[in-house]
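Trainee: Could we take a close look at one part of this model together? I would like to start from a single residue and then see what lies around it.

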Amino acid sequence: MEKVSADAPHGAEHEATTTGIDHRKMLVWAFLGSDCMFFGSLIATYLVYKDKSLDGPLPLDVFDIPVTSVSTFVLLMSSMSMVMAYAAISRGSLKGFRIWILSTALMGMTFLAFQVFEFRDFANHEVHLTCAGLDLDELTTLEKKVAEGCDQPGVIEVFDDKNGLTPRTNLFGTTFFTLVGLHGAHVTIGVIWLLSLFFYSFRQRATTERSLDVDLAALYWHFVDVVWIVIFTVIYLLGVFEGF
Amino acid sequence: MTHEAHDAPGGTHAAVASDHGGHPTPMTYFAVAMILSFMTAIEVVVFYFTWLGAWIIAVLALLSGAKFALVAMFYMHLKYEHRLFSVLFVTGLVLSVLVTFALLGLFRFF
């Protein structure tokens with residue numbers, strides 16, 4: 001296989017193509033561009049139906065920002081780990097590559113575990129209120145509805161476990177689970193891709209071609225990360241901000 | 001350059017390094033990761049500054065955009081890659097933003 005040009009941009013050296021750029025890499029970039037539109041339309045749909053739910057739970061009831069911040073941090077660190085894996089394979093360090101790619105996959109799995117925990121928590125959402133000294137202004141819409149039980153004489157506590165959030169509960173549930181669930185599906189595919197690269201590294205030694213394989217997987221992984229950056233801000237942080 | 005030249009892991013260093021010349025060093029990757037973590041921490045802290053009012057939206061959008069750009073430029077190597085890759089990605093990105101705002105306008109979100 002011939003080198004196209006000594007000073008061609010990265011990605012151009014692998015094949016003598018009409019564009020001078022590796023076709024696989026160009027295809028991945030085209031796919032990522034189209035995936036932007038995919039997630040863009042899902043985010044738009046979420047926003048369009050925001051505040052249109054007839055009944056709770058709503059973002060204020062279920063979102064736990066500190067927990068989601070930790071999972072966001074894990075995903076950001078996995079991106080760093082991924083570039084380290086790419087840097088290792090690029091300099092021919094197979095051992096370094098295996099360590100970094102495995103740590104990336106583990107962080108991806110940790111992120112998915114957070115998501116499973118979060119989804120289970122939402123589905124089993126409970127409201128538990130003590131009637132004495134209730135400040136209605138501090139309560140969410142769902143909590144206010146549950147707090148109506150305090151009006152009956154002799155009631156000191158109210159409890160509700162029938163308002164879990166699932167995709168069928170309300171418009172918020174439908175759009176939220178579709179968007180975040182599909183992002184989770186992307187992460188799952190990414191983890192499988194990374195693990196397959198890890199196991200494949202035991203069968204073949206480091207080559208330039210392998211470096212490109214890792215580069216393509218890394219592009220996909222970073223894309224999953226940037227999509228989460230947007231989801232975390234628009235859906236989670238702005239979701240519980242009452243002025244939005 | 002042939003693939004045979006890269007077969008031995010130990011012998012790949014110089015050739016592959018030249019193939020990927022101009023890419024950031026691991027220290028740069030680490031520095032970007034620290035900046036990203038710091039910005040995420042600021043996002044979470046800013047979120048509790050209720051006195052900022054609607055400005056929180058602008059601050060969060062700015063921080064989110066900056067994080068997006070950092071990952072795309074340094075981790076996805078867009079800053080160092082062929083311009084065509086940037087065109088492909090940014091076209092999709094711009095279209096998605098336009099579609100988002102068009103839908104929001106259509107459904108009277110604003």
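Trainee: Is Asp51(A) buried or exposed, and why?

Mentor: Happy to go through it with you; please keep in mind that this is a predicted model. Asp51(A) is exposed, because 11 other C-beta atoms lie within 10 Å and a residue counts as exposed at 12 or fewer. Asp51(A) sits in the loop between H1 and helix H2 (59-62) of chain A. Its backbone deserves a glance too: phi of Asp51(A) is near 65°, a positive value in a residue other than glycine.

After H4(B) comes Arg108(B), with a positive phi near 50°. The buried residues of H4(B) are Phe85(B), Leu88(B), Phe89(B), Gly92(B), Ser96(B) and Thr100(B). To read such a list, recall that an α-helix has 3.6 residues a turn, so residues three or four places apart point the same way. What covers the buried residues of H4(B) includes helix H1 (23-48) of chain A, and this brings us back to H1, the helix at one end of the loop that holds Asp51(A).

Phe85(B) lets you see this in detail. Phe85(B) counts as buried because it has 24 C-beta neighbours inside 10 Å. Leaving out residues up to four places away in sequence, Phe85(B) touches Trp29(A) and Leu78(B).

The chains also meet elsewhere. Helix H3 (residues 65-90) of chain A packs with helix H2 (residues 26-47) of chain B at an angle of about 170°, and their axes are 10 Å apart. That angle makes H3(A) roughly antiparallel to H2(B). By class, this contact has 15 nonpolar, four polar and no charged residues. On the side of H3(A), the residues that take part include Phe73(A), Leu76(A), Met77(A) and Met80(A); on the side of H2(B), they include Tyr29(B), Phe30(B), Leu36(B) and Val44(B). H3(A) has 26 residues and spans 38 Å from first to last C-alpha, close to the 38 Å expected at 1.5 Å a residue. Just after H3(A), Gly92(A) takes a positive phi of about 85°.

To finish, step back to chain B. Chain B has four helices and zero strands, and 28% of its 110 residues are buried. Chain B is divided into domain 1 (4-79) and domain 2 (80-110). Five residues of domain 1 are in contact with five residues of domain 2. The side of domain 1 that touches domain 2 has one nonpolar, three polar and one charged residues.

Technical notes. Residues numbered from 1 in each chain as written. Chains lettered and ligands numbered in written order. Predicted model: local features only at pLDDT ≥ 70, side-chain atom pairs only at ≥ 80, totals over all residues. Axes fitted to C-alpha atoms, helices over the stretch in contact; angles between N-to-C directions. Helix = DSSP H or I, 4+ residues; strand = E, 2+ residues; numbered from the N terminus. Parallel < 35°, antiparallel > 145°, perpendicular 65-115°, else oblique. Contact = placed C-beta atoms within 7 Å. Nonpolar A, V, L, I, M, F, W, Y, C, P; charged D, E, K, R; others polar. Buried ≥ 20, exposed ≤ 12 C-beta atoms within 10 Å, placed from the backbone. Expected span 1.5 Å × (residues − 1). Domains from an automatic or database assignment.
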